[in-house]
Amino acid sequence: MSALYELAGVVQRYGEREVLRLDRLDIPEGVILGLAGPNGGGKSTLLRLLAFLEAPAAGVIRYRGEPTFGREYALRGEVTCFPQEPYLLKRSVRANVGYGLSVRGAPDVRSRVDAALALVGLDPGRFAGRMWHQLSGGEVKRVALAARLALRPRVLLLDEPTANLDRDSAELVRRAVVAAREEHGTTLVISGHDQTWLRAICDEILWLRDGGLATPTQESGHFRPSQSPGDIQPVDSDRSNP
Amino acid sequence: MNYILDGLRQALELLFGGDPETFSAVWTTLIVTLEAMAATLLLGAPAGFMLGYTDFPGKRVIRLVVETFLSFPTVVIGLVVYAFISRRGPLGELGLLFSVTGMAIGLTILGLPIVIALTAQAVENLDSRLRPTLLTLGAGPRQVFFATLGEARFGLLLAATAAFGRIFSEIGISMMLGGNIKWSTRTITTAIALETGKGEFATGIALGIVLMGIAFAVNLAASAFRRRAVA
């Protein structure tokens, strides 16, 4: 069976600057994949490519065996992304969490919104009626995460989900995303700086530095190879281009 | 000082006594403002939205032209429209000169650049995270469009309020294209100018009170809508 995502020869450039070059990367369905590495290493760019928000400058991304180019709108129905600094629509919490469900014409929006809010530790009775500007920074993040969880996506991409969250909120996020995989088989790709947090939940962690896959060196002294490597195959350039 | 206080007292008598000439001017003002605002918003809001929402070659030039028109002298608008709708003008046969519709056309031209420029700016100033957020939540092109419109609603309201302020209180265009005809095209502003010129302060003050009252009421309503949503 082919992997959920297959990236081959993918290069991304912003203007003249090359920000990502991946000769090959396969992401199997159902894994929790971590992305680590320094700022500007290419983590966010990779997530935007996986979210079909941008098309690569070169190379091919296959999703479930098919090239993705030109099918972005349809594919974004299965893949959603939780950005580093989430944006809430100027509406109520309920309308924000329900937005993705509404555009899909999903039934039971109300109860699914309530369930998603409960997943991120927000009492629907207290929070659903609030407006976007009546929330703290941490609550904004949790509402935004609830909006993604409510969709029960096949793939959930998270860009530094625990940045600026306190320990309890980070634990809530961990439980919520792990539950998404256990209950709905969601594939997760999570970037982050918090090594401990990442290692606690990921099957495998990829290192991105200077836009390419790297092996952790001295700067990642805490890195411990995953116990079960799984079937993620970051193949570095020497091997993929014989 | 006395004649001012006398004027104020007589003004209140005119207003509360329901003086028909005063109320004719108020009514005409409301009708012409309503017509001009409807046309301005129907034409200007979509144009401004598209100008801010889309990218196309020549966009910067159009923005520049629109912004230049923001400071277009109102007498020139009056003059140009007059030339077009006067008997000898290309639209002379429609008989629009010295009519309420004629005034509304001039006032629409006054309001359009305001609504277009402010709407375009409101849409351009929306948070850059809005589009990727909508896309990753699964919105299609149409849904992105309407959600963007919703996010820009306060900007649209501001554009409409600004255009209303100019249209409602404009005098030059109303005078030139309406002709200040009693019972017909006399508006609050043209009446005040005429009555003050004649030394009839009472009517002028009465009409001034109505003009300010309506302007305040509209702006209060607009800011109440904003406050209800934001605070």
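Visitor: Let's start with Phe52(A): buried or exposed?

Guide: Phe52(A) is buried, with a relative accessible area of 3%. Here buried means under 20% relative accessible area, exposed means over 50%, and partly exposed is in between, using a 1.4 Å probe and protein chains only. This is a predicted model, in which local features need pLDDT of at least 70 and side-chain atom pairs count only at pLDDT 80 or more, while totals for chains, interfaces and linings use all residues. Residues are numbered from 1 along each chain as its sequence is written, chains are lettered from A and ligands numbered from 1 in the order in which they are written, and side-chain values use heavy atoms, with hydrogens and water left out.

Visitor: How many aromatic pairs are there over all chains?

Guide: A search of the whole structure gives 11 aromatic pairs. Rings of Phe, Tyr and Trp (its six-membered ring) pair if their centres lie within 6.5 Å, and planes under 30 degrees apart count as stacked, over 60 as edge-to-face and the rest as tilted. One of these pairs joins Tyr5(A) and Phe52(A), whose ring centres are 6.1 Å apart with the planes at 25°, so this pair is stacked.

Visitor: Where do Tyr5(A) and Phe52(A) lie?

Guide: Tyr5(A) is in strand 1 (residues 5-14) of chain A, whereas Phe52(A) is in the loop between helix 1 (43-50) and strand 4 (58-63) of chain A, so the pair ties together parts that are 47 residues apart in sequence. Helices (H or I, at least four residues) and strands (E, at least two) are DSSP runs, numbered from the N terminus. Both Tyr5(A) and Phe52(A) are buried.

Visitor: And what about Phe52(A) and Tyr63(A)?

Guide: Their ring centres are 5.7 Å apart and their planes are at 85°, so Phe52(A) and Tyr63(A) make an edge-to-face pair. This pair also links distant parts of the chain, since Tyr63(A) belongs to strand 4 of chain A and is 11 residues apart from Phe52(A) in the loop. Tyr63(A) counts as buried too, at 2% relative accessibility.

Visitor: Which residues of chain B form a ring cluster?

Guide: Phe49(B), Tyr53(B), Phe145(B) and Phe146(B) are linked into a cluster by ring pairs.

Visitor: Which charged residues sit over rings?

Guide: The charged end of Arg76(A) sits over the ring of Tyr73(A), 4.6 Å from its centre, and Arg226(B) lies over the face of Phe154(B), at 5.3 Å from the ring centre. For this, NZ of Lys or CZ of Arg must be within 6 Å of the ring centre and within 35 degrees of the ring normal.

Visitor: New topic: how many disulfides are there?

Guide: The search finds zero disulfides over all chains, where a disulfide is a pair of cysteine sulfur atoms within 2.5 Å.

Visitor: How many cavities does the structure hold?

Guide: There are four cavities of 30 Å³ or more. On a 1 Å grid over the protein atoms alone, a cavity is a set of points where a 1.4 Å probe fits but cannot get out, and lining residues have an atom within 4 Å of a point. Grid points are joined across faces, edges and corners, and a volume is the space filled by probe spheres set on the points.

Visitor: What's the volume of the largest cavity, and what lines it?

Guide: The largest cavity has a volume of about 60 Å³, and its lining includes Asp19(B), Arg186(B) and Leu207(B). Helix 2 of chain B supplies the largest share of that lining, three residues.

Visitor: What kinds of residues are they?

Guide: The lining divides into three nonpolar, two polar and four charged residues. Ala, Val, Leu, Ile, Met, Phe, Trp, Tyr, Cys and Pro count as nonpolar, Asp, Glu, Lys and Arg as charged, and the others, Gly among them, as polar.

Visitor: And the second largest cavity?

Guide: The second largest cavity holds about 50 Å³ of space, and its lining has eight nonpolar residues, no polar ones and one charged. Helix 5 (residues 100-124) of chain B gives the most to this lining, with four residues.

Terms used:
On a 1 Å grid over the protein atoms alone, a cavity is a set of points where a 1.4 Å probe fits but cannot get out, and a pocket is an open set with protein on both sides within 12 Å along at least five of seven lines; lining residues have an atom within 4 Å of a point.
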